[in-house]
Amino acid sequence: MASERTTRDTIIDAANRLFYREGIRAVSVDAVAEAAGLTKRSLYYHFTSKDELIADYLRLRDHPNLQRYARWYGTAKGGLAERIGAIFEHLATEARKPGWKGCGFLRTAAELVNQPGHPALKIGADHKKRVEAWFAEILAENGVSEPARVARQVCLLIDGAFSQAMLYRDPSYFHEAGLAAQALVRFAVSGPSAGSI
């Protein structure tokens, strides 16, 4: 059983590298099998379809992404606004790396836009909701009224920055979105109410 899990992990790791780098449609099951050092038949022993593999590719990315946000927030200096802004600065740093291709969840959703029932879309939506809930929890802990609403606005800034930075190949969009997020959070903390944002 342990060897089966190891083989499955090897396949998912290979899929993760290829799908993120080239996109899910551009990568064949044959290419994933080859990258994993397996036969196509062996791959299909562990995954019933490419769709299942795509879903597990996104599942693999879920917790590491959230953990990175939490780490960046936890190690940042300053108050609530500055610490949330630090997440955007780290994303800008990531976007400067040669292998950066944007948000794997958003890219996969774009490729599957004509398949609304695809399991990967639910995994992607669940991930985005978990990120939003995490921001809402942080905001609530810091006394922000309507934390869920402000969290949604912060997430809109993150995903908008992902889209613009990917489109223009310009990481500075994360910096600008981070400044907007900081202003938003400062107002939510000190303004009359988050409802008037």
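Reader: Is Asp56 buried or exposed?
Author: In this predicted model, Asp56 is buried, with a relative accessible area of 9%.

Reader: What does the side chain of Asp56 meet in a salt bridge?
Author: The side chain of Arg59, at 2.1 Å from N to O. Arg59 is partly exposed, at a relative accessible area of 47%.

Reader: Where do Arg59 and Asp56 lie?
Author: Both are in helix H4, 3 residues apart, which is about one turn of the helix.

Reader: How many salt bridges does the structure hold?
Author: It holds 13.

Reader: Tell me about Lys128 and Asp159, then.
Author: Their side chains meet in a salt bridge, 2.8 Å from N to O. Lys128 belongs to helix H7 and Asp159 to helix H8, so this pair ties together parts that are 31 residues apart in sequence.

Reader: And which side chain meets Arg152 in a salt bridge?
Author: That of Glu132, with 3.3 Å from N to O. This pair also links distant parts of the chain, since Arg152 sits in helix H8 and Glu132 in helix H7, 20 residues apart. Arg152 counts as partly exposed at 44% relative accessibility, whereas Glu132 is buried at 17%.

Reader: Which residues do salt bridges with shared partners join into one network?
Author: Arg8, Glu52, Asp56 and Arg59.

Reader: New topic: Arg107. Where is it?
Author: Arg107 is in helix H6, which covers residues 104–111.

Reader: How far away is the nearest side chain of opposite charge?
Author: Glu111 is that side chain, and it is 5.1 Å away. Arg107 has no salt bridge, yet it is buried. A salt bridge needs the side-chain nitrogen within 4 Å of a carboxyl oxygen.

Reader: What is Arg107 in contact with, then?
Author: Leaving aside neighbours within four places in sequence, Arg107 is in contact with Phe19, Tyr20, Arg21, Glu22, Gly23, Lys101 and Met166.

Reader: Now the core. Which residues of the largest nonpolar core touch the most other members?
Author: Phe19, Val32, Tyr69, Ile84, Phe135, Val154 and Phe174, out of 59 residues in that core. Helices H1, H2, H4, H5, H7, H8 and H9 each supply at least two residues of the core.

Reader: Which helix gives the most to this core?
Author: H4 does, with 9 residues.

Reader: Pick Ile84. What does it touch?
Author: Not counting residues up to four places away in sequence, Ile84 touches Tyr73, Phe135, Leu139, Val154, Ala181 and Val185. Among these, Phe135 and Val154 also belong to the group that touches the most other core members.

Reader: Where do nonpolar side chains tend to be in general?
Author: In soluble globular proteins, they tend to be buried together.

Note on methods. Residues are numbered from 1 along each chain as its sequence is written. This is a predicted model: local features need pLDDT of at least 70, side-chain atom pairs count only at pLDDT 80 or more; totals for chains, interfaces and linings use all residues. Side-chain values use heavy atoms; hydrogens and water are left out. A nonpolar core is a set of buried Ala, Val, Leu, Ile, Met, Phe, Trp, Tyr and Cys residues joined through side-chain atoms within 4.5 Å. Buried means under 20% relative accessible area, exposed over 50%, partly exposed in between (1.4 Å probe, protein chains only). Helices (H or I, at least four residues) and strands (E, at least two) are DSSP runs, numbered from the N terminus. Contact means heavy atoms within 4.5 Å. Lys and Arg count as positive and Asp and Glu as negative; His and the chain ends are not counted.
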